[in-house]
Amino acid sequence: MMNENIYLPQQAIIEDIIEENSLVNTYVLSFCDSQTNANFSFKPGQFVMVSVPHQGEAPISLSSSASNTNTFSLTIRKTGRLTNCLHTLQAGNTIGVRGPYGQPFPLDQLKHKKLLFIAGGIGIAPLRPLLEYCYANADISEKTSLIYGCKSSDEFCFKHDIKRWQQAKIDCQLTVDKKAGNWEGHVGLVTQHLDEQVIANHNIFLVCGPGIMIQSAIHRLDELGIQREHIFTTLERQMKCGIGICGHCHMDNKLICVDGPVFNGAELPALHNL
Ligand SMILES: Cc1cc2nc3c(=O)[nH]c(=O)nc-3n(C[C@H](O)[C@H](O)[C@H](O)COP(=O)(O)OP(=O)(O)OC[C@H]3O[C@@H](n4cnc5c(N)ncnc54)[C@H](O)[C@@H]3O)c2cc1C
Ligand code: FES
């Protein structure tokens with residue numbers, strides 16, 4: 001996206017809002033300027049800086065298929081000032097968007113591998129473009145599986161996509177922390193489902209979720225002897241510039257906005273900092 005002022009957002013219109021659960025909406029957007037919209041492209045794992053005047057700006061992962069040409073999606077959880085405001089908006093309203101930024105997943109390192117996606121809560125959002133890539137290019141990986149955990153069954157995002165992925169032989173296992181209602185799927189934290197058999201059937205592991213979940217998933221993979229080079233994760237930190245200038249997002253000797261947000265396990269900041 002070409003802009004003289006690198007901090008100046010482009011206006012994007014909300015085309016549609018999909019309610020994923022009581023706290024999370026997916027916003028389908030397009031840029032108001034048709035040329036900007038036509039030029040916009042991103043890679044799985046990248047993020048944009050989203051803003052509303054007087055409400056702030058925050059990094060949000062692109063959550064749609066990167067091959068969609070007219071629209072892109074952001075899946076946003078209500079957590080604070082900006083995201084609460086975003087949840088009051090309706091189709092037809094506009095927001096500011098600049099980017100895309102950050103390092104994407106290295107697609108060349110995933111080719112012909114047996115991929116296991118490990119997602120917790122809204123951590124499925126940055127993984128969705130990559131899952132869509134695997135869905136659209138079935139021969140890209142030898143095998144693709146997803147273990148996705150939420151506190152309860154009403155929190156799962158992308159329910160329709162999960163059904164579609166399953167029909168395309170992406171093995172999707174959903175698990176809830178505690179069984180309630182008529183839930184008949186798995187129960188227990190995602191890490192409890194990382195048993196030796198599941199791990200032995202895969203050779204690349206893509207982990208995203210709350211920091212504590214990333215820590216325990218990587219710890220479990222370490223225990224089972226998986227080399228860190230075979231693990232990828234995406235990290236979150238408070239950001240200001242999003243482009244490597246302000247230093248706000250540093251973690252150990254890394255800047256999450258430009259060195260990440262996607263990291264290989266071998267180059268991750270110390271696990272206790274995640
Ligand atoms: C690369 C990246 C991708 C992301 N993708 C998504 C996404 O796809 N969807 C999504 O919903 N969110 C995503 N986030 C998280 C999102 O950017 C934050 O939740 C953001 O702070 C929300 O802004 P806000 O103004 O609504 O909330 P804020 O007012 O910033 O508050 C959000 C939470 O952070 C806490 N907080 C605020 N300031 C600090 C601070 N300085 N240090 C520690 N904690 C603080 C608050 O107490 C609150 O719990 C992403 C973050 C990163 C870095
Ligand atoms: S947010 Fe400014 S350097 Fe990363």
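Me: I understand that two strands pair if DSSP finds at least two bridges between them. Which residue in strand 2 stands opposite Glu19?

Reply: Glu19 faces Asn25 in strand 2. Helices (H or I, at least four residues) and strands (E, at least two) are DSSP runs numbered from the N terminus. The model is predicted, so local features require pLDDT of at least 70 and side-chain atom pairs pLDDT 80 or more, whereas totals for chains, interfaces and linings use all residues. Residues are numbered from 1 along each chain as written, chains are lettered from A and ligands numbered from 1 in the order written, and side-chain values use heavy atoms, without hydrogens and water.

Me: In what sense do strand 1 and strand 2 pair, and over how many bridges?

Reply: The pairing of strand 1 with strand 2 (residues 24-31) is antiparallel and extends over 7 bridges. Strand 1 covers residues 10-19, and Ile6 lies in the segment before it.

Me: What is the order of the strands in the open sheet?

Reply: The open sheet has 6 strands, arranged 4-3-6-1-2-5 with antiparallel pairing. At its edges stand strand 4 (56-61) and strand 5 (72-77). Each edge strand has a single partner strand, so one side of each has no neighbour in the sheet.

Me: Is Ile6 buried, partly exposed or exposed?

Reply: The classes follow relative accessible area (buried under 20%, exposed over 50%, partly exposed in between; 1.4 Å probe, protein chains only). Ile6 counts as partly exposed because its relative accessibility is 44%.

Me: Where is Thr83 placed, and which residues does Thr83 touch?

Reply: Thr83 belongs to helix 2, residues 81-86. Its relative accessible area of 9% is the reason why Thr83 is classed as buried. Contact is read as heavy atoms within 4.5 Å. With residues up to four places away in sequence left out, Thr83 touches Ile76, Arg77 and Lys78.

Me: How many salt bridges does the structure hold?

Reply: Side chains of opposite charge can pair when their charged atoms come close. A salt bridge is a side-chain nitrogen of Lys or Arg within 4 Å of a carboxyl oxygen of Asp or Glu. The structure holds 7 salt bridges.

Me: Which side chain meets Arg98 in a salt bridge?

Reply: The partner of Arg98 is Glu57, with an N to O distance of 2.8 Å. This pair links distant parts of the chain, since Arg98 lies in strand 6 (residues 94-101) and Glu57 in strand 4, 41 residues apart. Arg98 counts as buried because its relative accessibility is 2%, whereas Glu57 is partly exposed at 29%.

Me: Which side chain meets Glu142 in a salt bridge?

Reply: Glu142 meets Lys114 at 3.9 Å, N to O. Here too, distant parts of the chain are linked: Glu142 is in the loop between helix 4 (124-136) and strand 8 (143-150), and Lys114 is in strand 7 (residues 114-120), 28 residues apart. Glu142 counts as exposed, with 57% relative accessibility, and Lys114 counts as partly exposed, with 27%.

Me: Which side chain meets Asp222 in a salt bridge, and which residues are linked in a network of salt bridges?

Reply: Asp222 meets Arg228 at 2.8 Å, N to O. Asp222 is partly exposed, with a relative accessible area of 30%, and Arg228 is partly exposed, with a value of 25%. The network of salt bridges links Arg128, Glu132, Asp161 and Arg164.
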